[in-house]
Amino acid sequence: MTRTFRTAAVIGAGTIGLSWTALFAAHGLTVRVSDPRPDLAEAVDEALAQSAPHLAARGLDVTDLAGRVHIAAGVTEAVRDADVVQENGPERVEFKQDLFAGLAREAPGHALLLSSSSAIPSTEFTKELADEDAARVLIGHPFNPPHLVPLVEVVPGERTGEDAVRAAVDFYTSVGRTPVVERKEIPGFVGNRLQNALSREAVYLVEQGVVTPEELDTVMTNSLGLRWATVGPFLGSHLGGGPGGYRHLAEHIGPSMKRMWASLGTPSQNQAQQERLIAAVEQAYGSAAYPELTETRDRRQLAVLSALDSADKEEN
């Protein structure tokens with residue numbers, strides 16, 4: 001049976017939680033937000049104002065975003081009539097264990113309990129829950145900012161029920177996301193592991209003096225970033241093999257690829273190297289204010305999404 005999602009509780013109103021709040025509200029949900037920060041109301045208002053133009057550009061109705069968002073006095077009030085809970089708290093197992101024990105106790109029995117955790121599998125923080133509560137807990141890991149970047153990694157725990165997985169896919173699809181269900185738990189899931197593998201080599205190349213941070217970003221945004229926005233690594237490699245596809249690529253440049261893999265570096269990241277890296281990044285980007293940089297990022301992200309939408313429409 002398909003579930004109906006009318007009310008969402010957002011627990012934790014940092015960067016990710018505020019972005020979720022705007023997205024859920026733009027899709028017509030009633031959103032109750034809980035966070036102990038003293039400036040919660042102001043932070044929500046600011047996030048909605050900043051997100052509204054981006055959401056409108058994606059064709060969503062933003063005329064009454066603020067009217068659909070309510071500041072809750074605490075977690076209990078936030079989840080009392082929720083159909084879905086999206087948790088965005090600190091990446092600490094003990095914190096999530098305590099929080100999800102409370103969510104399981106306070107939220108309605110039908111509510112999905114989702115975590116935005118970027119590294120911790122849900123099995124690690126649901127060990128003390130009863131089976132019926134653990135069955136409705138799973139990871140719904142987005143990429144920043146989730147109101148724009150479509151991917152959500154749906155990662156069930158060892159005791160997550162299949163109906164909860166299906167419901168999570170339905171929910172994220174209903175708010176315009178692209179959910180991908182991962183078949184097994186692994187720390188960091190898929191997206192962050194790929195990101196960290198690339199980041200490790202990026203840091204190594206800067207540390208070795210091959211390029212500056214800004215030059216490395218230029219390389220990425222003018223090559224792999226463009227390619228991977230349209231095709232992923234495997235399809236890109238399959239096309240790189242020409243008519244012979246991935247088999248031709250593997251047979252003809254496989255040995256050189258293996259030599260390159262063996263030469264990939266591990267940054268030393270001692271304190272002195274880390275300070276030099278921080279100084280280099282700050283030299284490249286530190287003169288611009290955070291809101292200015294995020295607005296530029298989001299505007300460009302919107303342009304990419306719009307271009308992909310147009311290309312898909314032409315194909316269809």
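## Annotated regions

Residues are numbered from 1 along each chain as its sequence is written. The model is predicted, so that local features need pLDDT of at least 70 and side-chain atom pairs count only at pLDDT 80 or more, while totals for chains, interfaces and linings use all residues, and side-chain values use heavy atoms, with hydrogens and water left out.

Over residues 8-184 the chain is 37% helix and 20% strand, with the end C-alpha atoms 27 Å apart. Over residues 188-259 the chain is 75% helix and 0% strand, and here the end C-alpha atoms are 27 Å apart. Helices (H or I, at least four residues) and strands (E, at least two) are DSSP runs, numbered from the N terminus.

## Division into domains

The protein chain is divided into domain 1 (7-181) and domain 2 (190-230 + 268-315), with bounds that come from an automatic or database domain assignment. The C-alpha centres of domain 1 and domain 2 lie 27 Å apart. Between them, 13 residues of domain 1 are in contact with 12 residues of domain 2, where contact means heavy atoms within 4.5 Å.

## Helices H1 and H2

The axes of helix H1 (residues 15-26) and helix H2 (residues 40-57) come within 9 Å and cross at roughly 55°; axes are lines fitted to C-alpha atoms, for helices over the stretch in contact, and angles run from 0 to 180 degrees between N-to-C directions. H1 and H2 are therefore oblique to each other, given that angles under 35 degrees count as roughly parallel, over 145 as roughly antiparallel, 65 to 115 as roughly perpendicular and the rest as oblique.

On the H1 side, Leu18, Ala22, Leu23 and Ala26 meet Ala43, Val44, Ala47, Leu48, Ser51 and Leu55 of H2. By class, this contact has 9 nonpolar, 1 polar and no charged residues, with Ala, Val, Leu, Ile, Met, Phe, Trp, Tyr, Cys and Pro counted as nonpolar, Asp, Glu, Lys and Arg as charged, and the others, Gly among them, as polar.

## Backbone details in two loops

Phe189, in the loop between strand E8 (178-181) and helix H7 (191-207), has a positive phi of about 60° although it is not a glycine.
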